[in-house]
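Dear colleague,

I am passing on the structure we talked about, with the sequence alongside.

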Amino acid sequence: MLPYFLGCPSWHEAAWRGGFYPPDLNLSDSLEHYCRVFNTVEGNTTFYARPKPETVASWVQRMPTDFRFCAKVHKDISHDGDLRGQLDNTQAFLDELAPLAERITPLWLQLPAIFGPSRLGELAVWLDQFADRRLAVEVRHPAFFDKGNEERMLNRLLHERGVERICLDSRALFSCQSRDPAVLHAQSKKPRLPVRPAAFSESPQVRFIGGPDLDANQPFLEPWLDKVAAWIEQGLTPHVFLHTPDNQLAAAQALRFHQALSERLPGLPALAPYTDSEPRAEQLGLL
């Protein structure tokens, strides 16, 4: 088993056929194939839509018990009013995902940019209500990145509860000068904030948002390779998620990350083969 969790924002990616996926793969079978190689995935789907019971049941059948589905609470919880008024709604959301059991670890709360320091009290109430779960929070308000009292208050609140502060690193994306529509769309949607590596529990969380050129992303990934290797050596279990614009190269970026991490951690287990016949490296941008 890997000493860390590695994955992508999703598994249902048609562009991966002929590279990460076999060329003739039916996308309805993509989850099983994805789980052969990676051991976690971002639960972006649950942020935008509540899954139907039959969908959750299908995930239960297809995801190994040691797989981690880092589900984001639905946006009507995180983005619609006071969190103290969303406790019942959150419990209903958790009940819907309950068949996944320990696979929902950690549960992610992604807060909007308007969620600022004046609302830390409601965040504390929400976190305490669900303190029996492993939790991780992503913030986007500028005050939480200014190294002042308000950022220290946030960090103290999370650290005291053993709640992770999700680190989103979008520097590689915003360094990209491409006029490709996928890049421009990603730059318009993703936050551009300072990087805050954090390990407030045993499971630090990293979201790396790269551009479409994997070689150009590499200088921004190098510090993360060192950080993740150090965390693993300390006995922590990092979660690392790799994004690219429209995520057509997300799997390739994740494979490349593991390959580079193996150079820092000799003896790191190899990932399982991801196709029956190994694809050419250039298909995945690994050269």
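What follows is a short account of what was found, going from the whole chain to single side chains.

Please keep in mind throughout that this is a predicted model. The mean pLDDT of the protein chain is 94, and 95% of its residues reach 70 or more. The stretch to treat with caution is residues 276-287, where pLDDT stays under 50, although the model has 22 contacts beyond four places in sequence for these residues.

The chain is divided into domain 1, covering residues 39-165, and domain 2, covering residues 167-268. Their centres, taken over C-alpha atoms, are 21 Å apart, and at the place where they meet, 26 residues of domain 1 are in contact with 18 residues of domain 2. The largest nonpolar core has 79 residues, among which Phe38, Leu123, Trp126 and Phe257 touch the most other members. This core takes at least three residues from each of domain 1 and domain 2. As for tryptophan 126, once its neighbours within four places in sequence are set aside, this residue is in contact with Val73, Ile77, Leu83, Leu87, Thr90, Leu107, Leu109 and Leu135.

Helix α1, made of residues 30-37, is largely enclosed by the rest of the structure, because 6 of its 8 residues are buried. Those buried residues are Ser30, Leu31, His33, Tyr34, Cys35 and Val37, and what covers them includes the strands β1 (5-8) and β2 (40-43) together with the helices α3 (53-62) and α11 (250-264).

Cysteine 8 is in no disulfide, and the nearest cysteine sulfur to it, which belongs to cysteine 35, is 11 Å away.

Glutamate 122 is found in helix α6, residues 120-129, and it is buried, with a relative accessible area of 5%. A polar atom of the glutamate 122 side chain lies 2.8 Å from the backbone nitrogen of leucine 83, and, not counting residues up to four places away in sequence, glutamate 122 touches Gly81, Asp82, Leu83, Arg84 and Phe115. Leucine 83 is also one of the contacts listed above for tryptophan 126.

Glutamate 151 lies in helix α7, residues 149-161, and at 5% relative accessibility it counts as buried, the cut-off being under 20%. The side chain of glutamate 151 makes a polar contact with the side chain of arginine 196, at 2.6 Å. Apart from residues up to four places away in sequence, glutamate 151 touches Ala143, Phe144, Phe145, Asp146, Arg165 and Arg196.

With best wishes

Technical notes: Residues are numbered from 1 along each chain as its sequence is written. This is a predicted model: local features need pLDDT of at least 70, side-chain atom pairs count only at pLDDT 80 or more; totals for chains, interfaces and linings use all residues. Side-chain values use heavy atoms; hydrogens and water are left out. Buried means under 20% relative accessible area, exposed over 50%, partly exposed in between (1.4 Å probe, protein chains only). Helices (H or I, at least four residues) and strands (E, at least two) are DSSP runs, numbered from the N terminus. Contact means heavy atoms within 4.5 Å. A nonpolar core is a set of buried Ala, Val, Leu, Ile, Met, Phe, Trp, Tyr and Cys residues joined through side-chain atoms within 4.5 Å. Domain bounds come from an automatic or database domain assignment. pLDDT is the predictor's confidence in each residue, from 0 to 100. A polar contact is a pair of N or O atoms within 3.5 Å; within protein, one must be able to donate a hydrogen and the other to accept it, and residues adjacent in sequence count only if both atoms are side-chain atoms. A disulfide is a pair of cysteine sulfur atoms within 2.5 Å.
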